[in-house]
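Hi everyone, thanks for making time this morning. I'd like to walk you through one protein, with a stop at its charged side chains and another at one of its pockets.

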Amino acid sequence: MHVVIMGCGRVGSSLAIELEAAGHSVAIIDQAKEAFRRLGPDFKGRTIVGVGFDRDTLLEAGIEGAQAFAAVSNGDNSNILAARVARESYGVTNVVARIYDPGRAEIYQRLGIPTVATVIWATDQILRRIAPGGARSEWRDATGTVQLLEVHPHLDWYGRPISELESASHARVAFLTRLGEGLIPEPHTVLQDGDLVHMTIRDDAMAAAETALTQGPGA
C-alpha cells in the first residue's frame with residue numbers, strides 16, 4: 001500500500017524505514033529538509049518539504065492514492081488538522097495522529113479521530129513494569145467506547161473456566177498469554193496460574209469488571 005507520513009522526526013523516520021522494508025510505498029513530509037537525513041542513504045521513498053495539511057504538499061506526496069496517513073510531527077494541532085484533511089478531504093481510511101496532550105487525545109478519540117497519546121502510552125508502559133497488577137488498557141476503539149485490557153486476575157480465578165470469568169465481568173476474553181505464547185481460549189478453557197488475560201470490554205461495564213477481576217469469584 002501507499003503510506004503518507006507527516007513528520008520526519010525519530011518516530012516518523014522509523015515508521016518510514018519500517019514500512020518501506022515491509023514492501024510498502026512511502027512518502028514523508030517535513031518542513032525541514034535536513035530532517036530527511038534520518039532516513040539514511042538507502043531510503044527509496046518520496047521526501048517532500050512542506051506542511052502536512054497543505055493541499056499541494058499532500059498531492060505531491062500521493063495522498064489521492066494513499067491507503068494510510070500518519071501525522072507524527074511535534075505539533076498536536078498540526079497533527080489533528082492533517083489527519084482530518086487526509087480522512088475528510090481525501091478519503092484515506094487508515095489515519096492516525098500522535099498527540100502529546102492527554103486531554104486533547106481523549107477528546108479527539110471520542111470524536112472518532114484515531115490518536116496515539118504519547119504521554120498516556122509512555123505512562124502506561126512504565127506502570128506495567130513497576131506495578132504489573134490489575135488491568136491496563138492496550139487498545140481503545142475510535143469511538144472511545146470499547147477497550148482491550150491486559151488483566152492480571154485475582155488468584156481465586158485460577159482453576160476456573162473462561163466462561164465464568166466472562167459472565168462475572170461482563171467482558172469477553174480475546175486471548176491469553178500463557179508461558180509466553182498466545183492462546184485463543186474456548187469457553188471451557190481453564191485459567192492457569194500465571195496466565196495473562198486480554199479482555200475486550202465496554203467502558204460502561206468497567207466498574208463491575210474491575211470488581212470481579214480484582215476481588216475474585218462471587219464479588
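Let me start with a question: which residues are linked in a network of salt bridges? The answer is R84, R87 and E88. Please keep in mind as we go that this is a predicted model.

Now, a quick overview. The protein has 7 helices and 11 strands. Of its 219 residues, 42% are buried. If you take the contacts with a separation of 6 or more, 52% of them join residues 24 or more positions apart. The accessible surface is about 11800 Å², and carbon and sulfur atoms hold 53% of that.

Back to the charges. Side chains of opposite charge can pair when their charged atoms come close. The salt bridge count here is 5. One of them joins R178 and D195, at 2.7 Å from N to O. R178 sits in strand β9, while D195 is in the loop between β10 and β11, so this pair ties together parts that are 17 residues apart in sequence. Both R178 and D195 are buried.

R160 and E164 also meet in a salt bridge, at 2.5 Å from N to O. R160 is partly exposed, with a relative accessible area of 31%, and E164 is partly exposed too, at 29%. Then there is D204 with R202, whose closest N and O atoms are 3.5 Å apart. In that pair D204 is exposed, at 63%, whereas R202 is partly exposed, at 45%.

So which charged residue is buried yet has no salt bridge? That would be D30. For D30, the nearest side chain of opposite charge is R38, 5.9 Å away, and a salt bridge needs the nitrogen and oxygen within 4 Å. D30 belongs to strand β2, residues 25-30. Leaving out residues up to four places away in sequence, D30 touches several others, including G7, C8, F36 and I48.

D30 also brings us to the second largest pocket, where it is among the residues nearest the centre, along with G9, V72, S73 and N74. The lining has 22 residues, and the space comes to about 350 Å³. Helix α1 gives the largest share of that lining, 3 residues, and β2 supplies at least two.

One last stop, on the backbone. Most residues other than glycine have a negative phi. H170, though, has a positive phi, near 55 degrees. H170 lies in the loop between α6 and β9 and is exposed, with a relative accessible area of 56%. Thanks, and I'm happy to chat!

Methods:
Residues numbered from 1 in each chain as written. Predicted model: local features only at pLDDT ≥ 70, side-chain atom pairs only at ≥ 80, totals over all residues. Heavy atoms only, no water. Helix = DSSP H or I, 4+ residues; strand = E, 2+ residues; numbered from the N terminus. Buried < 20%, exposed > 50% of the residue type's maximum accessible area, 1.4 Å probe, protein only. Contact = heavy atoms within 4.5 Å. Areas by Shrake-Rupley, 256 points an atom, 1.4 Å probe, with all protein chains shown as cover. Lys, Arg positive; Asp, Glu negative; His and termini not counted. 1 Å grid on protein atoms, 1.4 Å probe; cavity = no way out; pocket = protein on both sides within 12 Å on 5 of 7 lines; lining within 4 Å. Points joined across faces, edges and corners; volume = space filled by probe spheres on them.
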